[in-house]
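Here are my notes on the model you sent. They go from strand pairing to the cores and then to one helix.

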Amino acid sequence: MNQEAQPEGGAPGEPGRSARPLDEVDRRILEALVHDGRLSIRALAERVHVSRTNAYARVERLLREGVITGFRAQVAPESAGLGTSAYIALKIEQNTWREVSAELARVRYIEHAALLGGDHDVLALVRAPDNAALRDVVLGQVQSIAGVLSTRTWLVFEEFDGTQNPWL
């Protein structure tokens, strides 16, 4: 199968379909872009030891296939005035995920939410300016969403990024 060929039954990135495996050059490109998303194609090509044409074509393919979903700035929450972080676990009524997630998406200070399997149904990461704002998010907003049965909150004292990228 060549680089541009799609597996039978659907394109990579379609629900229920797996993308084709990344090769070593793709993984080096992803690692470089995760480290510095502002790299020029020229600098990227030099860093991963491929031609500019090859680097450009691979980045375009990774974008087209949905492997790279965008480029963004990484913001230090505390430096940006969001000094209180917490994870909130929610138990929700069965079959309310869509409605609850739509409401969670409207709550200021929720950075990320995920549907889970296990003791809790949803896990949300909240980054707020202080404990008062966190209290308002949990008690005033999240617990008032229809379908939310209960919440449990864990304060984050310190964070670090993992040392390894999972695709390497």
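1. Two strands are taken to pair if DSSP finds at least two bridges between them. The model is a predicted one, and the pairing below is read from it. In strand β3, A124 is the bridge partner of I88.

2. Strand β1 covers residues 84-92. Seven bridges join β1 to β3 (residues 122-128), and the two run antiparallel. Eight bridges join β1 to β4 (residues 148-156), also in an antiparallel arrangement. I88 has T153 opposite it in β4. How many of the nine residues of β1 are buried? Seven are, and the strand is mostly covered.

3. On the overall layout, the protein chain has five helices and four strands. Along the sequence they follow the pattern α-α-α-β-α-β-β-α-β. Buried residues are 29% of the 168 residues in the chain. Of the contacts with a separation of 6 or more, 66% are between residues 24 or more positions apart.

4. The largest nonpolar core has 19 residues, and the members that touch the most others are L90, L104, I110, V126 and V137. Two or more residues of this core come from each of β1, α4 (97-104), β3 and α5 (131-141). In general, nonpolar side chains in soluble globular proteins tend to be buried together.

5. Which residues is I110 in contact with, leaving aside its neighbours within four places in sequence? They are L104, A124, L125, V126, V137 and V142. A124, listed here as a contact of I110, is also the bridge partner of I88.

6. Another core lies apart from the largest one; it has 14 residues, including I29, V50, A55 and V59. I29 is also among the buried residues of helix α1.

7. Helix α1 (residues 24-35) has 12 residues and spans 17 Å from its first C-alpha to its last, close to the 16 Å expected at 1.5 Å a residue. V25, D26, I29, L30, A32 and L33 are its buried residues. Seen down the axis of α1, these fall within an arc of 165°, so they line one face of the helix. An α-helix has 3.6 residues a turn, so residues three or four places apart point the same way. The buried residues of α1 pack against α2 (41-48) and α3 (52-64).

8. One detail at the start of α1: a side-chain oxygen of D23 comes to within 3.2 Å of the backbone nitrogen of V25. V25 is itself one of the buried residues of the helix.

Note on methods: Residues are numbered from 1 along each chain as its sequence is written. This is a predicted model: local features need pLDDT of at least 70, side-chain atom pairs count only at pLDDT 80 or more; totals for chains, interfaces and linings use all residues. Side-chain values use heavy atoms; hydrogens and water are left out. The expected span of a helix is 1.5 Å times one less than its number of residues. Buried means under 20% relative accessible area, exposed over 50%, partly exposed in between (1.4 Å probe, protein chains only). The arc is that of the directions from the helix axis to the C-beta atoms. Contact means heavy atoms within 4.5 Å. A polar contact is a pair of N or O atoms within 3.5 Å; within protein, one must be able to donate a hydrogen and the other to accept it, and residues adjacent in sequence count only if both atoms are side-chain atoms. A nonpolar core is a set of buried Ala, Val, Leu, Ile, Met, Phe, Trp, Tyr and Cys residues joined through side-chain atoms within 4.5 Å.
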